[in-house]
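Work through the exercises below with the structure open beside you. Try each task before reading its solution.

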Amino acid sequence: MKDSVLEQIGPRLRAARIKQDRTLEDLATRTGMSVSTLSRLESGKRQASLEILLPLTRELRITIDDLIPAEVPDPRIKPTQSMRNGVQIVRLSPPGSPTRTFKMTYPARKTMPPQRTHDGYDWLYVLSGRLRLKLGEKDLVLEPGEAAEFDTRVPHSMGSADGKRVEILSIFGPDGEQMHTYTHGTEGQE
């Protein structure tokens, strides 16, 4: 075990004892340890060992795992990049995440793809450029700093509003991810 993990055992043991409103004297008596040993363990002045921890965890009705902090996984995401119909797509969430987050860069084009529908909701935020969002009968232009959320069962398409490059952040569920990011020969989709 790493030293930082071992250093947390004493304070976690103390917190478990205090949570149960137990005194050092009571716990020491019930486990057959001296108050001094228990105090030094809680303050980090004594190294934890199984022969000390087992009776303490039994008496406090906790597990040794309760005393060892869970390892925090590295939260950094290694973005992956792909292209679909000229749109650069950078995945910003790990695979399997309940929400799918992407940075999408629409090319400098004046034509819009046809409107499509699919299950789910899309949320987007314009980072740079001017985004044209056709949503049903509405034809909207979103500027940098503007956001939109919509039901994707409404016919929709997105592209450049002025023939210049547009960058957005987009968040959607599994259905939206499949429609917007998978490449399977469906030229003309978003």
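**Exercise 1. Where do aspartate 26 and arginine 30 lie, and how many residues apart are they?**

Solution. Both residues lie in helix 2. They are four residues apart, about one turn of the helix. Helices here are DSSP runs of H or I with at least four residues, and strands are E runs of at least two, numbered from the N terminus. The model is predicted: local features need pLDDT of at least 70, side-chain atom pairs count only at pLDDT 80 or more, and totals for chains, interfaces and linings use all residues. Residues are numbered from 1 along each chain as its sequence is written, and side-chain values use heavy atoms, with hydrogens and water left out.

Next, the charges. Aspartate 26 forms a salt bridge with arginine 30, with 3.1 Å between the closest N and O atoms. A salt bridge needs a side-chain nitrogen of Lys or Arg within 4 Å of a carboxyl oxygen of Asp or Glu. Aspartate 26 is partly exposed at 26% relative accessibility, while arginine 30 is exposed at 55%. The cut-offs are under 20% relative accessible area for buried and over 50% for exposed, with partly exposed in between (1.4 Å probe, protein chains only).

**Exercise 2. Which residue forms a salt bridge with glutamate 59?**

Solution. The partner is arginine 22, with the closest N and O atoms 2.6 Å apart. The pair links distant parts of the chain, 37 residues apart. Glutamate 59 sits in helix 4 (residues 50-60), and arginine 22 in the loop between helix 1 (3-19) and helix 2. Is each one buried or exposed? Glutamate 59 is buried at 19%. Arginine 22 is buried too, at 13%.

**Exercise 3. What surrounds serine 93?**

Solution. Start with its position: the loop between strand 2 (87-91) and strand 3 (100-106). Serine 93 is buried, at 5% relative accessible area. Beyond four places in sequence, serine 93 touches Ile77, Thr99, Arg100 and Thr101. Contact means heavy atoms within 4.5 Å. A polar atom of the serine 93 side chain lies 3.0 Å from the backbone nitrogen of threonine 101.

**Exercise 4. Which strands does strand 3 join by bridges?**

Solution. Take strand 2: four bridges join it to strand 3, antiparallel. Valine 90 has lysine 103 as its bridge partner in strand 3. Take strand 9 (residues 166-172): seven bridges join it to strand 3, also antiparallel. Methionine 104 stands opposite isoleucine 168 in strand 9. Pairing requires at least two DSSP bridges between the strands. Finally, cover: six of the seven residues of strand 3 are buried.

**Exercise 5. What is the strand order of the open sheet of three strands?**

Solution. The order is 6-5-8, with antiparallel pairing. Strand 6 (138-142) and strand 8 (156-160) are the edges, each pairing on one side only. The twist averages 20° from one strand to the next, with axes fitted as lines to C-alpha atoms (for helices over the stretch in contact) and angles from 0 to 180 degrees between N-to-C directions. Five bridges join strand 5 (residues 131-135) to strand 8.

Key
A polar contact is a pair of N or O atoms within 3.5 Å; within protein, one must be able to donate a hydrogen and the other to accept it, and residues adjacent in sequence count only if both atoms are side-chain atoms.
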